[in-house]
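Morning, everyone. Please look at the screen while I take you through this one. I'll start with the ligand and finish with a sheet.

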Amino acid sequence: MPATSPPVSFDPDRGLAVLRTPNSVYALRLHPDGSPRHLYWGAPLDTADLAALPATGSPADSSFEDDAAADELAPQTGARFGPAGLQVRFADGTRGAQWRFTGHRADGGELRLRLQDRRRPLRAELCYRVRPDSDVIERWTELTHLGPQDGTDGPITVDRLDSAAWRTPALPDYRLSHLVGGWNSEFQLRRDRLPVAETVLTSRRGLTGHHANPWLAVDDGTADEEHGEVWSTALAWSGSWRITVHRDPVGRTGWTGGFGHDGTAWTLRPGERLHTPVFAGLYTAHGFGASSTAWHEHLRRHVLPQPERDRPVLYNSWEATGFDVSEAGQLRLARLAAGLGAELFVLDDGWFGTRCDDRSGLGDWTPRPAAFPRGLRPLADEVHRLGMEFGLWVEPEMVNRDSELYRTHPDWVVHSPHLDATELRHQLVLNFARPEVESWAHRTLDTLIREHTVDWLKWDANRPFTEAGWDGHPDPDRLWIGHTRAVHRIMDRLRADHPGLRIEACAGGGGRVDLGMLARTDQAWTSDNTDPVDRIGIQHGFSQLFPAQAMAAWVTDSPNPATGRSTPLRFRFHVAMAGALGIGGDLSSWPAADLAEAAELVARYKQIRPLVQHGVQHRLTPPGPVAAVHYASRDGRDHALLVWRPSTRFGHPPAPVRLPALDPAARYLDPDRGREYSGAVLVHRGIEPPLPAGDYASCLVRLHRTDS
Ligand code: DGJ
């Protein structure tokens, strides 16, 4: 391949489009019927070789076969019988578009292919973007109603508009990796053989969801952490979504996905345009570890707003006080937190309106007089004086019926006039798609930040949507898109107007963590489950796509409030040190020895923070009897290894942990234990982790390269 191959090219004569990233290539070709069809996605190939590839068409010359399995966006017409990423209905009842290719635009790293329906005023643009420092390909779709050409075309109903369809080359077998879970059990990694069937991963909740995350990876069933080709994709959307994976009986596998879920439909009026979120795809040749590393790099370079800023060690009072907050109680906790080395103090739920429990006050964002008679400013000022930043919990999208906001604006909630509205946690969802609700929320948050010198917002959302209608609106399902877009927009505006502000994403734990949310937040609250044993698995799943700097991890009390399990403080810290460390326990009940040990562990964390938050993460073992994660500095000189053994078996010593990312030719010193190692031994044979005896054993090992 010539060294000068452009990142994006389109050859109109051959109808061939090629997108190049540093280590992969993606190619598609126009079919004679005008539809762009997938050609190749994998290791780099020459353009001439790509042009010579046969089309991925029908496997047999039969009137029963599907010849369009490779559509870049399947339009529900022709011999296409798989999942269609574009589903439209015209005013006369006709379903499906038939394309004519009308042109392209290749500009820097961006390619747009323009398709026009042969008879109707409907245009689709398939959009692609690559960047010089990432193997991720970003794709999205823009659909435009071009207006009545003959005065007879009415609105177009859009039943499905996916961002992109993806496809792997033919593999001997197919395995799907994805993340499942629930409240308190997010990010559980599943690795299942794909059935010959359509498999739908989806959220119908209006939020990304605890139960599934819009990330998946496909391999041939043999890839492991260090070896094998992996194709993975992630959707940048924080509302309902749907990805349909199709392994067909002929041995082909592809998937199509985007925002929305089954049963929702949008109306496109003449002149209107609907654009989808980005659906990003990544090919890697060296296993799940390399795939995660490449995603982490991409997020750091192109998604997270301020990746270079250290995530502060935070203290959050929620598990200590619940709703029982007061100025004196929070000040006591703030002083203790500062003594441990916390850099940010976050006042959680309960500080506003009449909020003494979860039944009232949500929506009334002024300090609760009984808890903060002098307002929040004295607390914020003292937190700042103690050398910490001040953070505040908000849940702007929600309202209790028992609130001034609801009494004043009962019509602002997501509801259907002829259905009873279901309350969950005694609350309803505000319809942020309504411009007046969006501007109220923005104004309210902006004022809060200014008046209370807020440095950090924890933005929570504690229920999904139900009975989601929009009374009086001609296109009520727009709320599913409009709400999410408004949330994103408000966050973007707040950040722009308050450059120092940081935002933590939360939805009852990890219910809204995705590339769309992380483009405007600094980190995500991973799970309300802070039990360190459960967290090892949750963190393992989280790390498949998201970097450690975005993973909020707290040390809380023992026994753990969620699981009742008792674990040593050191073990809890060592697990939480694998992400953005926080403390969430009731410090006023911690014995002096625990406070002293905690302060020492916070200081240790700050030593390794550059590696954890800004280095490269290598997962060393899947969660099991012994689990371990390795963080390396970018220059390869400094390393931190966290090893956890939740339960001992027969008193056997743990097996050595191999460190394949080290340089076998180098030498490494463990400065804390004064031991020196040969790199070759660490790479090929491993290190004996210095774990203490017993259950809930853990250790932190630092290594420093000494030979250069
Ligand atoms: C759910 C969050 O995940 C918790 O951390 C806490 O903020 C509560 N909401 C407060 O209601």
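**Around the ligand, then the sheet**

A backbone N or O atom of Gly509 sits 2.9 Å from an oxygen atom of the ligand. That is a polar contact, meaning a pair of N or O atoms within 3.5 Å. Taken alone, the ligand exposes 300 Å², and the protein buries 98% of that. Those areas come from the Shrake-Rupley method with a 1.4 Å probe.

A word on the source. This is a predicted model: local features need pLDDT of at least 70, side-chain atom pairs count only at pLDDT 80 or more, and totals for chains, interfaces and linings use all residues. Residues are numbered from 1 along each chain as its sequence is written, and side-chain values use heavy atoms, with hydrogens and water left out.

Back to the ligand. Asp349 has a polar side-chain atom 2.6 Å from a ligand oxygen atom. Asp460 has a side-chain N or O atom 2.7 Å from a ligand nitrogen atom.

Which residues come nearest to the ligand? Of the 13 around it (a heavy atom within 4 Å), they are Asp348, Asp349, Lys458, Asp460 and Asp528.

Now the sheet. Four strands form an open sheet, in the order S1-S2-S3-S4, with antiparallel pairing. Strands are DSSP runs of E, at least two residues, numbered from the N terminus. Two strands pair if DSSP finds at least two bridges between them. S1 (8-11) and S4 (36-42) each have a single partner strand, so one side of each lacks a neighbour in the sheet.

Finally, six bridges join S2 (residues 16-21) to S3 (residues 24-30). Thr21 stands opposite Ser24 in S3.

Methods. Polar contact = N/O pair within 3.5 Å; in protein donor to acceptor, adjacent residues only side chain to side chain.
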